[in-house]
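Could you walk me through this structure, step by step?

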Amino acid sequence: LLTACTSNDPGTDAQVKTNSSGDANAAPGTKVVIGFSAPAADHGWIAAITNNAKAQAGAYTDVELKTVEAGADAAAQRAALATLIAQKPTVLVMLPHDGKELNATGLEAMRAGIPVVNLDRAFPSQAAYRLQIKGDNFGMGLAAGDYIGAQLKAKGVSNPIIGEIPGIDSLELTQERTQGFNTALAAYGFKVANRRPAEFTADSGQASATALLQALPKMDALWNHDDDQGIGVLAAIKQANRSEFFMVGGAGSKAAIDAISADNSVLKATVTYSPSMASSAISLARLIGQGKGLNDLVELQVPKQITLASETITKENAAKYAKLGF
Amino acid sequence: MIAEAVRAKSPRQIDDGVIRNLGLVGVLIILVIIGIVTRPELYSDPTWVRNNVLTILQQASAIGVVTVGMTFVIIGGGIDLSVGAIIALSGVWATTLATQSYGAAGMIFTALVVGLAVGVVNGVLISYGKLVPFIATLAMLVSARGLAAQISGKQTQVSANATINDIASTKLIGIPLLVWILAAVVAAGWVLLNRTTFGRRTVAVGGNPEAARLAGINVKRHTLMLYALSGICCGIAAIMLTSQATSAQAAMANLYELDAIAAAIIGGTLLSGGRGTIVGALFGVLVFSTITNLFAINNLSTEVQNMVKGGIIVAAVLIQQFRYRSLTQLLKR
Amino acid sequence: MIAEAVRAKSPRQIDDGVIRNLGLVGVLIILVIIGIVTRPELYSDPTWVRNNVLTILQQASAIGVVTVGMTFVIIGGGIDLSVGAIIALSGVWATTLATQSYGAAGMIFTALVVGLAVGVVNGVLISYGKLVPFIATLAMLVSARGLAAQISGKQTQVSANATINDIASTKLIGIPLLVWILAAVVAAGWVLLNRTTFGRRTVAVGGNPEAARLAGINVKRHTLMLYALSGICCGIAAIMLTSQATSAQAAMANLYELDAIAAAIIGGTLLSGGRGTIVGALFGVLVFSTITNLFAINNLSTEVQNMVKGGIIVAAVLIQQFRYRSLTQLLKR
Amino acid sequence: MSDPSASAGTATGGDPVLRLTDVVKTFPGVRALDGVQLEVRAGEVHCLLGQNGAGKSTLIKVLAGVHHADSGEISWLGEPFAPVTPQAAMRAGIATIYQELDLVDDLSVAENAFLGHEQSRFGFTRRRSSAASTRQILARLGHPEIPPRRLVKNLPAAGKQIVSMARALSHDARLIVMDEPSAVLAHDEVANLFRIIRELTAQGIAVIYISHRLAEIREIGDRVTVLKDGRTTAANLPARSTPTRELVGRMTGRSMEYVFPPRRPAPEAEPVLVVEGLTRHGEFADATLAVAPGEIVGIAGLVGSGRSELLETIFGARRADSGTVTMDGRRITGVGAAVARGIGMAPEERKSQALLLDEPVYKNMTLASFSGFAHGGFTDTRDERAAALRTADQLELRPRDVDRPARTLSGGNQQKVVVGRWLLGGTKLLLLDEPTRGVDVGARAELYQVIRGLADDGVAVLLVSSEVPEVLGLADRVLVMREGRLVHEAPAEELDEDTVLDLVMAGSLLEGEPA
Ligand SMILES: Nc1ncnc2c1ncn2[C@@H]1O[C@H](COP(=O)(O)OP(=O)(O)OP(=O)(O)O)[C@@H](O)[C@H]1O
Ligand SMILES: Nc1ncnc2c1ncn2[C@@H]1O[C@H](COP(=O)(O)OP(=O)(O)OP(=O)(O)O)[C@@H](O)[C@H]1O
Ligand SMILES: [Mg+2]
Ligand SMILES: [Mg+2]
């Protein structure tokens, strides 16, 4: 099922939004140099973040994007950002390795007069950013838990066995997702029977799923946090010849959305955590750089915080989301 | 007299390696008993038990193949930190759209050739470039993962080839094909190490390189071949993992180098070279994958799992040493 | 005549280590030249150059401290895979709310004591438990990170202590405090290795443990002390990193073990023990952090960066070897 | 590859097979060979004599393709010869037994014997046939009891030496080079070795034989070439008839006799070392002995009789199964305690047990005493170096350079470093295990003087040596060890070589071992 949709071709599936509807903000304005830094991509979602940012910047004639690679850890990213800040970009868009660890760098840039757009992983200090765009990790877990709870309730399963395959477990975002998931399930009186973390990669997803399936000879529902590792999770399910349960994905990759609309596997839904936030971040960074606000808002400036809603993609609405898949 | 010395030592006739392996079997048995005690309801179902054994073996298969290659390298006095990276590069290269267009044979061929080629580069750097193995293969680790990321555009590359994807789900006589592959590689590795001149020379090169040189062995060429062998094993493992995950990506087989080295050492291979057993390495891999299985069926959280895992490893080695000592003691009488 | 030849002066008088280090200085110079050639506009600004040097040193400071401890362990015939995990555990323990309530001194004390304690456990397992260092410290790696995750609840723990947080931004005579700490640790390490009986024992224990034992050296106790030393270095590094990040978490100092071992080996320390230099290890760390800096100012993408990095490491070692050989050749005349 | 025409000739009458002219080989800082001439004939035993560091081992390594000569000519079977690798030399028919054991511990006896030229089919080793061939060679060497499948690490040192010889014999060689093969062999083993050498020469095979024991050279050698400081100082002397004075003179440049220093009447003193009922199962049993200050006690015995183990157990390096060791009335429980009480031991195997090969000589010499030179934990290398230099002079270390890594010393000089270590510290009891192994005649006499001098200063010495004359000449009192038991004790004056040999051998003769 997944075989038809290899994502070997980065760039073509990037999500770009140009405000074409005769919007005043779309008209070229003063030139904006946007500095951009995201952690080294070793899996699909992060790669999509960088690709989206580049594609979105390319769509504007008045934006110059300066990206610096963030290296392997927070220390490396700090070092890279130090050189970027020295070059005085108009705005800085930053997806940090860890929001708390890079908080100081955010402060430094803001003090140097460079507005910071903090993407995804939040800085604890309000003074460290001008704009914060976050996905909703807790909400994602909440959405997944709600979907699973509702489905199981509809089926009349009283004591369901629910499995969970998170991503890298030491990350705070994983914690938030799991907390959201548990909160939603608790509302139905359900809880997770077994939880095997993977590492956001397909092979680790396969390994964790195999272990989980072995530990739960019968299962009713499964939430896998990340659609990229989900490729391996689905492979493991097929290899174990299991189909008595349904599965919910996370993030919203193109492969997952296609599988959901094809409806020929256990994957019945996925909850979004869209890398399109990078595109939005570039758009808004441009507006900040040009001192413009959002058209639909009364305020003259871009707001300080935007949290994207996590949406649930099912067979019914999959077509609508197809173009947002990464 | 030498005669008496020789006679006095006859208990040694029973190979160190065998006793060590017995120790590891003991560790495995203890782990299984823990499993039975903690989850009796699962172990009461024979089908489940059968499946569980096969699952453990299957999860051990790819890393097991890598460990066989690693064991040769370590016995030969070296170390290969690049195995995970080689797998990633082989896997990614074998799943590009271009390679996939050549079908399953093309993909397998590509994975093996890439693995072999990287292994040869490692070998040349180490034997002819005189680089320390640790540094040479660490450099290769970094570079090969970088190249894999470059080739894949950092995307997960899905395999569209049904033949490749089916490897992981195929069974022969009720046993997964992947386990057969592992068995074949282990058997071949055992024969190669114990019954061929190549294997015997590996022990010599690692145990006493100067003596090997004086005996007329081409130490450099032999060293090169050891890394090439490890590279081929990684190529095989790349296909196995790609089949299991129906995809490949630059970050796959993360930290396999640590797992493989640890399994080889627990299996009785001397990190300084010159001694080691293939069967021991296999047991080492099985111990690790049984521990993972034990954690899964008991649903331990990652942090508790990690805390306990370190303790289990230490305990396993201590048990093995204890058994080793007491057994030799016993046999001495 | 041999007598004359001897009077002519054995070139060995000029320490191998010094020549090797000269090679590494050469490598550093080449890296800087590459930086100048690729980004002349940056290098034309003296303030920037000065800052850049300080940045490189500062980035090298925490890993440099760890590498000093690691160098002792390796010279003493061991290896410590748990350094990154010890840093994480020390850092996390030092930044719990409870510890933070004791102020900066309490945090520093906690970090050092935790580092020391974990090091002692490593040492006991290895010297008295007779575990292979690789396995013992690998087990510790897993356990300590697990414990750190448990303590921190997998959260990043922010340091609210201004004194601690200021360490990273304080400068003395224009040079960051972190660099002073590194300098102090390196100097102390050098004296300890080259001018004290402790250092002499370390070389003996690593070079030929049986000879050391028969010469009356308490090999076990000394081995224990080496791991304790490494643990303390990790405790110091934990404070440095916590200050830099104004926070600590269970995943911090990831893979520091590989970096530290690589730096020590590039600096001329023999992985099999018995030989090594502190200054070389420092240069090894500086080479790595200069490479990272070079990549940053040239804004290479991660994948290209990785591909190139492996090549640079290989080239660096080859240059160093080349210089080593030609220098000894030169001195022969 | 035996040549029937050569085997017909008398031992010394064969044609020259090997000729070296003006061969030079330098190492950094040392001209190890400085114009060597050598001529070896088919079917002869050609002995190489020379002081430690004279260049003997270097010479044979040039022949074996391990080192490459800087200049000079080698002709082998009439052809110019310059082996690039050990393999090339072996293919040309030159097999070598090296001074340092060159075996692989974790391979079996048979695998070691055929290492590098394994009997194989399609790369698979032919285990049965190589075991059979090995058994045959071992039988020829008089050791049919060594199992071909036993791992070499489980053999005692003498057994390893036999395997080294088996490896040389496994080649179809026309010249066999033996670098101090007898150093680790006891009396009866040496006789065995000589029997084999005679067999070889009878087949026309040439043998180059290196030893520091003049008696051996007289017994087995045909002609002698003497090296001094890398040069040939005398060539083709008749081995049997050349006076010792002349040989030693050519080696050392001065005349020296192989003499033992005079004994002084032993002072009446309480023993410092008292060993009672010491036992390690399978190694030695019920050893009881005492050594007084100023006394040298020698232990004679065959290789494998357990003397090294006894010494190591006294030193605390092995744990006794039962029995006690007391020094000055205090129990010795481990090496640390032993060293603290002033016991020093020069172990048997210098490379594995004693030396830091990459460290300079002076640090090796002060390994047991550097903390004594230190001030508050800080080492004093200047004092150490000076002290080491004094000891080096005492023992005639050459080159006289204490900063050179121990690795670059010749075998005999390494041995001097190990012994020197314990002359430095203020030891009260010295345990010496084969202290003169590989040490040349001149230095040996010096070493005897030093040991005697120490005894005269009140140091107690317990000495193990496989050379009976050495035990008899140097010790005040002799213990005879056989199969792990001390079977006889007597003042040295009351014993002679034959008596000791009888005592030592009794056990093995009863067992019907080949003499
Ligand atoms: N690898 C080396 N590097 C430097 N010098 C060396 C090396 N090998 C030998 N030498 C030097 O060469 C000289 C000759 O050494 P060689 O081993 O040939 O002596 P030898 O005659 O065999 O002595 P012995 O009787 O002690 O075995 C010595 O001065 C020794 O220090
Ligand atoms: N590595 C070993 N492990 C177990 N037993 C050993 C070992 N080495 C020696 N032995 C035992 O100890 C006894 C004595 O060995 P060894 O050959 O060292 O005696 P020795 O009298 O010191 O002889 P020499 O010093 O002349 O070689 C032998 O009979 C042998 O059984
Ligand atoms: Mg010699
Ligand atoms: Mg002995």
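A residue is called buried when under 20% of its relative accessible area remains, exposed when over 50% does, and partly exposed in between (1.4 Å probe, protein chains only). Helices (H or I, at least four residues) and strands (E, at least two) are DSSP runs, numbered from the N terminus. This is a predicted model, where local features need pLDDT of at least 70 and side-chain atom pairs count only at pLDDT 80 or more, while totals for chains, interfaces and linings use all residues. Residues are numbered from 1 along each chain as its sequence is written, chains are lettered from A and ligands numbered from 1 in the order written, and side-chain values use heavy atoms, without hydrogens or water.

Let's begin in chain C. Of the 11 residues of helix 14 (residues 256-266), 10 are buried, so this helix is largely enclosed by the rest of the structure. Among them are C:Tyr256, C:Glu257 and C:Leu258. Just after the helix, C:Gly268 has a positive phi of about 100°.

Now turn to chain D. D:Ser308 lies in helix 10 (residues 307-314) and D:Glu348 in the loop between strand 18 (343-346) and helix 12 (350-353), so the pair ties together parts 40 residues apart in sequence. Both residues are buried.
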